[in-house]
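Please read it beside the sequence and coordinates.

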Amino acid sequence: MKAGANLSSAERRARFGAGLSALLLATPIWAVLLFFLLLPIAMIVAVSFWTATEWSFHPDFSLENYEFLFGSPVTYSVFLKTFIYAGLTWIFTLLIGFTVANFLAFHVQSLTWQIVLFLLCTIPFWTSNIIRMISWIPFLGRNGIANQALISWGVIDEPLEWLLFSDFAVVLAFVHLYTLFMVVPIFNTMMRIDKSLIEAARDAGASGLQILTNVIIPLTKPGIMIGSIFVVTLVMGDFITVRFMSGSQEANVGRLISNDVGLLQYPSASATAVVLLLTVLITIAIMLRFVDIRKEL
Amino acid sequence: MEKRPLSFYILAGFFGLFLLFLYGPTITIAILSFQGPQGGLTFPMNGVSTHWFADLFEQQAVGDIWGSFGRSFALGLMVMVTTVVFSVMGGLAFRVRFPGSTILFYVVIASLVIPSILISLGVGLIFNQLGWDVHWWTSGFGSQLTWTLPFGLLIMFAVFNRFDKSYEEAARDQGASSWQTVRYVILPIIAPSLIGVALFGFTLSYDEFARTLLTAGSYNTLPLEIFGMTTNVTTPVIYALGTLTTAFSFLIVGGFLVAAILANRRRARQASDAGKGMV
C-alpha cells in the first residue's frame with residue numbers, strides 16, 4: 001500500500017492546507033529572488049551574446065564576446081590569479097580558523113567565556129570591509145608600523161616596498177576579512193560533537209594529536225566544508241579588495257568585469273560574468289560532493 | 001581546579017594573536033584619527049587633536065558624507081525590517097515540504113554564493129532595459145536583500161530545527177487557530193533569535209558595497225562614499241570617518257546584543273508556569 005493512502009480525507013485536506021499556506025509564506029522570498037537574482041542572471045546571460053559599440057549595446061546573437069574573452073591571454077592569467085588568491089586565502093583561513101575554533105570549542109571550559117570570545121571573533125563581521133581594508137595602510141605603508149619596526153630591529157635597512165599594494169597585501173586582507181567565515185561554521189560543528197567521544201578516545205589511550213586527527217577533524221568536516229565554500233566563493237567573486245590592496249596593480253576576474261562596466265562595455269562584462277559564475281558553480285559542486293549541507297543546519 | 005595542559009597556553013596565545021590581528025588595524029586608525037592638523041597617514045603622531053573629526057562637518061573637505069550616512073541608515077532599517085519579516089515567513093514555510101521547496105532552497109544558497117558583482121551588474125542591466133532609473137531605495141534595496149535574506153533564512157532554519165513542536169500541538173489541542181498559534185506561541189518563543197536576524201539585516205546592508213555599486217544610482221550610500229574618498233583623500237580625515245562609522249557599528253552590535261540578553265532573561269523568567277497552576 002502506498003504511504004498516505006489510508007489517510008482520511010480530512011487529514012489529506014489539512015496536509016494540502018499546510019502545503020498551500022507554506023507556498024504563500026514563501027512567496028515574498030520567491031519574489032525577491034526572482035526579480036533580483038534569477039532575472040538579473042538570465043539578463044547577464046542574454047546580454048553576453050549582445051554586441052556593443054563604444055557608446056551603446058543592442059540585442060544580437062553573437063559569440064564575439066566569448067571569442068574575445070577566450071582568445072585573450074590576459075583572461076587565462078587573470079583566472080589563474082583568481083584561483084591563486086582563492087587557494088592561498090583558503091589555506092590560511094582554514095589553518096587559522098580551525099585552530100581558533102578548536103581552542104574555543106575544546107579548550108575554553110566555561111560556556112560564558114566561549115560565548116564572549118566567540119562574539120569577539122564575529123563582531124568585525126558586522127563592521128565595514130572597506131574601513132577594515134583602509135586600516136591596513138598605517139601598518140603596511142612605506143613608513144608604516146611594520147617597516148619602522150623591522151628597521152629598528154635591524155632586520156632590514158630599506159623599507160620593504162611589497163608590504164602594501166601587492167599580492168601580499170591582497171591575501172593578507174582576504175585572510176583578515178574572511179577568517180571568521182571559517183571560524184563560525186567550524187565552531188558550530190565542533191560544539192555539537194559529543195564530548196564523551198573525546199573522553200572515550202582519551203581513555204583508549206589516544207594522544208592529543210591522535211584525538212585531533214582521528215576524532216575531531218573527521219567530525220568537523222561539514223563545518224570545514226561550509227566555511228571553505230564561503231571563503232572560496234567570496235574571494236573568487238571579489239573585486240574591491242584586489243583593487244584597493246594592490247593599488248590597482250593586480251587583477252582578478254571581478255576586476256575584469258568592473259573595468260568593462262566602467263567602460264560601459266556591458267556585453268563583454270556579461271560574458272566574463274557568465275564564465276566567472278560557471279567557474280564558481282563548478283567549484284562549489286566539487287566541494288559539495290564531500291558534504292550534504294542541508295543536514296548540517 | 002585541574003591544571004591546564006601546555007597546549008592550552010599555546011592555543012590561548014594563538015587566539016590572542018588572532019584577536020590582535022582582527023582588531024589591531026582598527027585600533028591603529030582610531031589612534032591615528034586624532035592626528036594633529038599637520039599629521040599624516042602614518043605614525044608618528046604629529047600632536048593630538050580632534051581636527052579631522054571637525055573636518056567631517058565641512059562639506060568641502062569630505063563631500064556629502066552626512067547625506068550618505070542618512071541614506072545608508074534608512075536603507076539599513078528598510079532591509080532589516082524586510083529581512084526579519086520575510087525570513088520568519090520563509091522559516092515557517094520551510095517546516096513542511098511544499099511545491100518548489102527544494103528548488104527554493106537551492107536558489108537561496110545560490111544567492112549566498114553568487115559573486116556580488118553579478119547581482120550589481122544584472123540588476124543594473126534589468127533596470128536599464130526596463131527604462132527605470134536605478135535608485136538606492138529600489139534597485140539598491142532589492143540587491144541587498146539577495147545578501148541579507150539567505151542569512152536570515154539560515155538562522156530561521158537553525159531556529160526551527162531546534163524548535164519543540166509539542167508547544168504548537170498543545171496550543172492546537174487547546175483550540176488555537178493557526179494564526180493564534182503563530183502569534184501567541186511560535187513568535188514569542190523565537191523572538192530572541194529575531195534580534196539576531198535583525199542584526200544581520202541592518203549591519204550587512206549598512207556595510208554593503210559590491211551589491212550597491214551599480215544599483216544605488218546618483219545618491220551614494222556611505223560605503224560607496226567612503227570608497228570614493230579613498231581615491232582622492234590623502235589626509236587622516238578618512239581615518240576619522242572610519243573610526244566614527246566603526247564606533248557606530250559597535251554601538252549597533254552592542255545594542256542588539258544587550259537586547260538579545262534581555263530578551264533571553266525575560267523569557268527565562270516567564271517561560272514555564274509548570275506546577276504553578278493547580279495547587
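Two residues are in contact if their C-beta atoms, placed from the backbone, lie within 7 Å. Helices (H or I, at least four residues) are DSSP runs, numbered from the N terminus. The model is predicted, so local features need pLDDT of at least 70 and side-chain atom pairs count only at pLDDT 80 or more, while totals for chains, interfaces and linings use all residues. Residues are numbered from 1 along each chain as its sequence is written, and chains are lettered from A and ligands numbered from 1 in the order in which they are written.

**Helix packing in chain A**

N65(A), Y66(A), F68(A) and L69(A) of α3(A) meet P267(A), S268(A), A271(A), T272(A) and V275(A) of α14(A). By class, this contact holds six nonpolar, three polar and no charged residues; Ala, Val, Leu, Ile, Met, Phe, Trp, Tyr, Cys and Pro count as nonpolar, Asp, Glu, Lys and Arg as charged, and the others, Gly among them, as polar. The axes of α3(A) and α14(A) are 9 Å apart and form an angle of about 65°, where axes are lines fitted to C-alpha atoms over the stretch in contact and angles run from 0 to 180 degrees between N-to-C directions.

**Interface**

Contacts link 67 residues of chain A with 66 residues of chain B. On the chain A side, helix α2 provides the largest share, 15 residues. That side divides into 50 nonpolar, 16 polar and one charged.

**Core and buried residues**

A residue is buried if 20 or more other C-beta atoms lie within 10 Å of its own, exposed if 12 or fewer, and partly exposed in between. A nonpolar core is a set of buried Ala, Val, Leu, Ile, Met, Phe, Trp, Tyr and Cys residues joined through C-beta atoms within 7 Å. The largest has 137 residues, and those with the most contacts inside it include V183(A) and L121(B). Helix α9 of chain A gives the largest share of this core, 16 residues.

P115(B) lies in the loop between α5 and α6 of chain B. P115(B) counts as buried because it has 24 C-beta neighbours inside 10 Å.

| Residue | Residues in contact |
|---|---|
| V183(A) | G97(A), V100(A), A101(A), C121(A) |
| P115(B) | M236(A), G237(A), G254(A), L276(A), V280(A) |

Terms used. Helix = DSSP H or I, 4+ residues; strand = E, 2+ residues; numbered from the N terminus. Lists of a residue's contacts leave out its neighbours within four places in sequence.
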